[in-house]
Amino acid sequence: MVNVLITGGKGQLAQCLKGQFDKAHGVNAVYTDVEDLDITREQAVLSRFEAAPPDYCINCAAYTAVDQAESEPGPAEAINAAGPRNLALACKEHGATLIHLSTDFVFDGRKKTPYTESDKPNPQSVYGRTKWEGEIAVADTLDTHYIFRTSWLYSPFGKNFMNTMLRLGVEREMTRVVDDQVGTPTYAGDLARVIVRLVTGEIRPAYGLYHYSNEGQASWFEFAREIFEQAGLPGAVEPIGSEEFPTPASRPEYSVLSKEKFRMATGLQVPGWKSSLGLALAKRESAGGGDR
């Protein structure tokens, strides 16, 4: 039996993991959230590991209020930087493997070709900086780790861009979306499938840092337009520039991630973002509308 501890258990990636771990044989997955395990408290993390040492810890916990972090950096620093360090220390003490999730926001977005794992991060926001600090803490503390950087994550569960567009496409005649920020939408169900395959031993890449997002690229406007088209929404979507929608935190203008290292290490192909969007919409429909 493989014992797995998952933090951030109420989030969309954890919900996707649950749907897949429930069907996996030989896995005992335990889901925690801040009420059960506050990863910012080192002693609480160590005590939890001592009581029930896992074979794998999957850190889905993150502070993702990107704009709020600019004026209130403390929670982001605690959850995104100190929290992963605490988990890495506990994993090291108990011989566990840590699977940690990071973000395309560690890059400044000035490149025009897909970012590789060897490109140096240069975050332009508190959120991006603290996520990078979390990566460093994990890598410096624990050898047996995997760090997956991903981008534009969405699913049928919780608050995300897809669910917001599905709501606005019904409520409004016109929805305006920025068209000068380019990245790759990533279905959390695809990322969850990769993590489950890793835990169950179906794939065995070397420890370290990997990029994983769906294939292809799009602007937020193009992503929204595809959601509207595939879902058959009655409203319309209009492109605007970022200057028309100012935010406290800077967003990367270009943050497409190269998956070449991941493909070489696992032998897996990465689905295109449009086909995965169709799967997510179908999953949401079968779940009765998502957001649960």
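Is lysine 10 buried or exposed? Lysine 10 is exposed, with a relative accessible area of 59%, where buried means under 20% relative accessible area, exposed over 50%, and partly exposed in between, as judged with a 1.4 Å probe on protein chains only. The structure is a predicted model, in which local features need pLDDT of at least 70 and side-chain atom pairs count only at pLDDT 80 or more, while totals for chains, interfaces and linings use all residues. Residues are numbered from 1 along each chain as its sequence is written, and side-chain values use heavy atoms, with hydrogens and water left out.

The description begins with the sheet. Six strands form an open sheet in the order S2-S1-S3-S4-S5-S10, with parallel pairing; strands (E, at least two residues) and helices (H or I, at least four) are DSSP runs numbered from the N terminus, and two strands pair if DSSP finds at least two bridges between them. Strand S2 (27-31) and strand S10 (208-211) stand at the edges with a single partner strand each, so one side of each is left without a neighbour in the sheet. From one strand to the next, the twist averages 20°, angles being taken from 0 to 180 degrees between N-to-C directions, with axes fitted as lines to C-alpha atoms, for helices over the stretch in contact. Strand S1 (residues 2-7) pairs with S2 in the parallel sense over five bridges, and valine 2 has valine 27 as its bridge partner in S2.

Two helices are described against this sheet. Helix H4 (residues 73-94) packs on the sheet and touches S1, strand S3 (56-59) and strand S4 (97-103), its direction making about 165° with that of S4, where contact means heavy atoms within 4.5 Å. Helix H7 (residues 188-199) lies across S1, S3, S4 and strand S5 (145-150), and runs at about 165° to S4.

A search of the whole structure finds 17 salt bridges, each defined as a side-chain nitrogen of Lys or Arg within 4 Å of a carboxyl oxygen of Asp or Glu. In one of them, the side chains of lysine 10 and glutamate 35 meet at 3.2 Å, N to O. Lysine 10 lies in the loop between S1 and helix H1 (12-21) and glutamate 35 in the loop between S2 and helix H2 (42-51), so the pair ties together parts that are 25 residues apart in sequence. Glutamate 35, at 55% relative accessibility, counts as exposed.

Another salt bridge joins glutamate 135 and arginine 149, with a distance of 2.8 Å, N to O. Because glutamate 135 lies in helix H5 (residues 126-141) and arginine 149 in strand S5, this pair ties together parts that are 14 residues apart in sequence. Glutamate 135 is buried, at 5% relative accessibility, and arginine 149 is buried, with a relative accessible area of 2%.

The axes of helix H6 (residues 161-171) and helix H10 (residues 273-286) come within 12 Å and cross at roughly 65°. H6 and H10 are therefore roughly perpendicular to each other, given that angles of 65 to 115 degrees count as roughly perpendicular, under 35 as roughly parallel, over 145 as roughly antiparallel and the rest as oblique. The contact is made by Met162, Asn163 and Leu166 of H6 together with Leu277, Ala280, Leu281 and Arg284 of H10.
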